[in-house]
Amino acid sequence: MTVITSLPPPEASGHDRGPAVNLPSGPARPGVPAPLRYLGRALRTLWGNGKARAGLIILGLIIVMAVFAPLIAPHSPTATNFRPYRGPGAVNWLGTTGNGQDVFSQLVYGARVSLLVGLGAGAAATIVAATLGLIAGYRPGLIDEVLGFVTNLALVVPSLPLMIILAAYLQGRSVWTIVLVVAFTSWATGARVIRSQTSTLRTREFVTSAVFSGERLLRIAFREILPNMTSLVAASFLSAATAAVLAEASLEFLGLGNPGTVSWGTILYYAQQQDALLTGQWVMVLAPGLAIVALMVSLTLINFGIDALSNPRLREKS
């Protein structure tokens, strides 16, 4: 993915920020903070992109399902008072598991864990990637070489085997353990991209002006350079979140998570343990699989929309 420019920062600091994507401006509303106005303009611009609009609709439906799970799910996801291996029907819309649990209720409640892991691990990986990428790109020399070596090492190490090893040996297989494991193995790609863009921006006039004014390294990196990479950081977050959703499902499917947690990955885990396909419970495999694919597709479509907003050539074709 090639990012030519970026969304404008929510607040200008007085220096020349360089070229940026022009978001549609509306009438200024008194009393509304500038970051909220910026976020509103960005969402309106994303909504104008067809792919991003479809992704936002799908993601919105999944978020609504997760937030209002107690109202949507007809039964408790952990209740075992149904006949095992029951097929889809009026009472159990997607059938029951081998333990007598309602599959549809588990699917609804499972959206909470999958969203938490995806967004939480994506945010943690993006914070690490942005911090290391900004420092490495702004300080060429020994610091750049050391951070570049660490980043390249993280890139060449296979992520899935590393996640399996970490998840197997860490104490307490909770949701937050999965978040930390996924975040620890997902930051390298974003750091590499952000470092490259920072190396380009550090020679701009507004950065030179900030250096001559005596501003500190971290302030220049996070106050002057980072706002010019808003779309790049957002794309890095969405990519990390997409990978985190699949990683969480993979670890849960392999039995490396908490079996007592209700998530889409644990539904697949119990489907494998109970031979769901052999007993005719194909819904236990199809339903969570489609849900994982829908969440990943929504994040990917939003990422395409952000890429189109950042790249004028792609924006003309959208």
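A search of the whole structure finds one salt bridge, defined as a side-chain nitrogen of Lys or Arg within 4 Å of a carboxyl oxygen of Asp or Glu. The structure is a predicted model, in which local features need pLDDT of at least 70 and side-chain atom pairs count only at pLDDT 80 or more, whereas totals for chains, interfaces and linings use all residues. Residues are numbered from 1 along each chain as its sequence is written, and side-chain values use heavy atoms, with hydrogens and water left out.

The salt bridge joins the side chains of Arg195 and Asp144, with an N to O distance of 2.5 Å. The pair links distant parts of the chain, since Arg195 belongs to helix 8 and Asp144 to helix 5 (residues 142–156), 51 residues apart. Helices here are DSSP runs of H or I with at least four residues, and strands are runs of E with at least two, numbered from the N terminus. Asp144 counts as buried at 12% relative accessibility, while Arg195 is partly exposed, with a relative accessible area of 30%. These classes rest on relative accessible area: buried is under 20%, exposed is over 50%, and partly exposed lies in between (1.4 Å probe, protein chains only). Side chains of opposite charge can pair when their charged atoms come close.

The largest nonpolar core has 34 residues, and those with the most contacts inside it are Leu94, Trp264, Ile292 and Leu295. A nonpolar core is a set of buried Ala, Val, Leu, Ile, Met, Phe, Trp, Tyr and Cys residues joined through side-chain atoms within 4.5 Å. At least two residues of this core come from each of helix 2, helix 4, helix 11 (230–253), helix 12 and helix 13. The most is given by helix 13, with 10 residues. Leu295 is in contact (heavy atoms within 4.5 Å) with Leu59, Ile62, Ser114, Leu115, Val245 and Trp264, residues up to four places away in sequence not being counted. In soluble globular proteins, nonpolar side chains tend to be buried together.

Ile58 is found in helix 2 (residues 50–67) and is partly exposed, with a relative accessible area of 28%. When residues up to four places away in sequence are not counted, Ile58 touches Ala294 and Ser298. The C-alpha atoms of Ile58 and Val297 are separated by 8.5 Å, although these residues stand 239 residues apart along the chain. Val193 is partly exposed, at a relative accessible area of 36%.

In helix 9 (residues 205–212), Phe206, Val207 and Ala210 are buried. Seen down the helix axis, the buried residues of helix 9 fall within an arc of 100 degrees, so they line one face of the helix; the arc is that of the directions from the helix axis to the C-beta atoms. Glu205 and Phe212, on the other side of helix 9, are exposed. The cover over the buried residues of helix 9 includes helix 4 (103–138), helix 8 (188–201) and helix 10 (217–225). Just after helix 9, Gly214 takes a positive phi of about 90 degrees.

Two aromatic pairs are found in a search of the whole structure. The rings of Trp93 and Phe104 have their centres 4.9 Å apart and their planes at 50 degrees, so this pair is tilted. Trp93, in the loop between helix 3 (69–72) and helix 4, and Phe104, in helix 4, are 11 residues apart. Trp93 counts as partly exposed at 46% relative accessibility, whereas Phe104 counts as buried at 15%. Tyr269 and Tyr270 form an edge-to-face pair, at 5.2 Å centre to centre and 70 degrees between the planes. Rings of Phe, Tyr and Trp (its six-membered ring) pair if their centres lie within 6.5 Å, and planes under 30 degrees apart count as stacked, over 60 as edge-to-face and the rest as tilted.

Positive phi values also occur in residues other than glycine. Tyr85, in the loop between helix 3 and helix 4, has a positive phi of about 60 degrees. Asp275 lies in the loop between helix 12 (264–273) and helix 13 (283–310), and its phi is near 50 degrees.
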